[in-house]
Each structure stands twice: as C-alpha cells, then as structure tokens.
Amino acid sequence: MCNFIEDYLGNPSQAIINARPDVESRFGDFEYDDDHIYSQISSPEFRLYEEMAL
C-alpha cells in the first residue's frame, strides 16, 4: 500500500487488487447505515464544511 500511487499508474486494476486486503483489514469493521449517513449530511458541521468548500 505504500507504493499504491506508483502501482496504480503502472496497472490500476492490479493496484486495487493488491490494496484491497489492507483496506478491508483497516476498515472492514465499519458498518454503513444510510440513515446515519444522511443524518450527518444535515448536521451543522457538514453545513459548515459545505460553506467552506463552496
């Protein structure tokens, strides 16, 4: 994963295949719930980030 960008520039498909196990080990425990995601979009913090970005 430390050479992901170089690997991706050489062969994008293989770079993603090689990186997948590392990503799953780091983030595989997260549970994604659409309701939770949409509730965060309406939060004041998100609105602040939105205003700063636009």
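User: Is Arg26 buried or exposed?

Analyst: Arg26 counts as exposed, at 57% relative accessibility. Buried here means under 20% relative accessible area, exposed means over 50%, and partly exposed is in between (1.4 Å probe, protein chains only). Keep in mind that this is a predicted model: local features need pLDDT of at least 70, side-chain atom pairs count only at pLDDT 80 or more, and totals for chains, interfaces and linings use all residues. Residues are numbered from 1 along each chain as its sequence is written, and side-chain values use heavy atoms, with hydrogens and water left out.

User: OK, and what does Arg26 form a salt bridge with?

Analyst: Its partner is Asp22, with the closest N and O atoms 3.5 Å apart. A salt bridge here is a side-chain nitrogen of Lys or Arg within 4 Å of a carboxyl oxygen of Asp or Glu. Both residues sit in helix 2, four residues apart, about one turn of the helix. Asp22 is partly exposed, at 24% relative accessibility.

User: How many salt bridges are there in the whole structure?

Analyst: The search finds two. Besides Asp22 with Arg26, there is one between the side chains of Arg47 and Glu50, at 3.1 Å from N to O.

User: Let's zoom out. How many helices and strands does the chain have?

Analyst: Four helices and zero strands. Helices (H or I, at least four residues) and strands (E, at least two) are DSSP runs, numbered from the N terminus. Along the sequence the pattern reads α-α-α-α. The chain is more spread out than a compact globule, because its radius of gyration is 16 Å, well over the 10 Å that the globule rule gives for 54 residues. That radius is taken over C-alpha atoms, and the rule is 2.2 Å times the number of residues to the power 0.38.

User: What box do the C-alpha atoms fill?

Analyst: Roughly 40 × 30 × 15 Å, taken along the principal axes.

User: And what share of the residues counts as buried?

Analyst: 6% of the 54 residues. The chain exposes about 5200 Å², and carbon and sulfur atoms supply 56% of that. Accessible areas come from the Shrake-Rupley method with a 1.4 Å probe; for residues, only the protein chains shown count as cover.

User: Which residues form the nonpolar patch on the surface?

Analyst: Val23, Phe27, Phe30, Tyr32, Ile37, Tyr38, Ile41 and Phe46, with about 820 Å² of accessible area together. Patches are made of residues with over 30% relative accessible area and no salt bridge; like charges are joined within 9 Å and nonpolar side chains (Val, Leu, Ile, Met, Phe, Trp, Tyr) within 5 Å. Helix 2 (12-27) and helix 3 each supply at least two of the residues, and helix 3 gives the largest share, three.

User: Where does Tyr32 lie?

Analyst: In the loop between helix 2 and helix 3. Tyr32 is exposed, at 64%.

User: Last topic: which residues make up the negative patch?

Analyst: Asp29, Glu31, Asp33, Asp34 and Asp35 gather there on the surface. Asp and Glu count as negative, Lys and Arg as positive, while His and the chain ends are not counted. Each charge is placed at NZ of Lys, CZ of Arg, CG of Asp or CD of Glu. Asp35 belongs to helix 3 (residues 34-41) and is exposed, with a relative accessible area of 60%.
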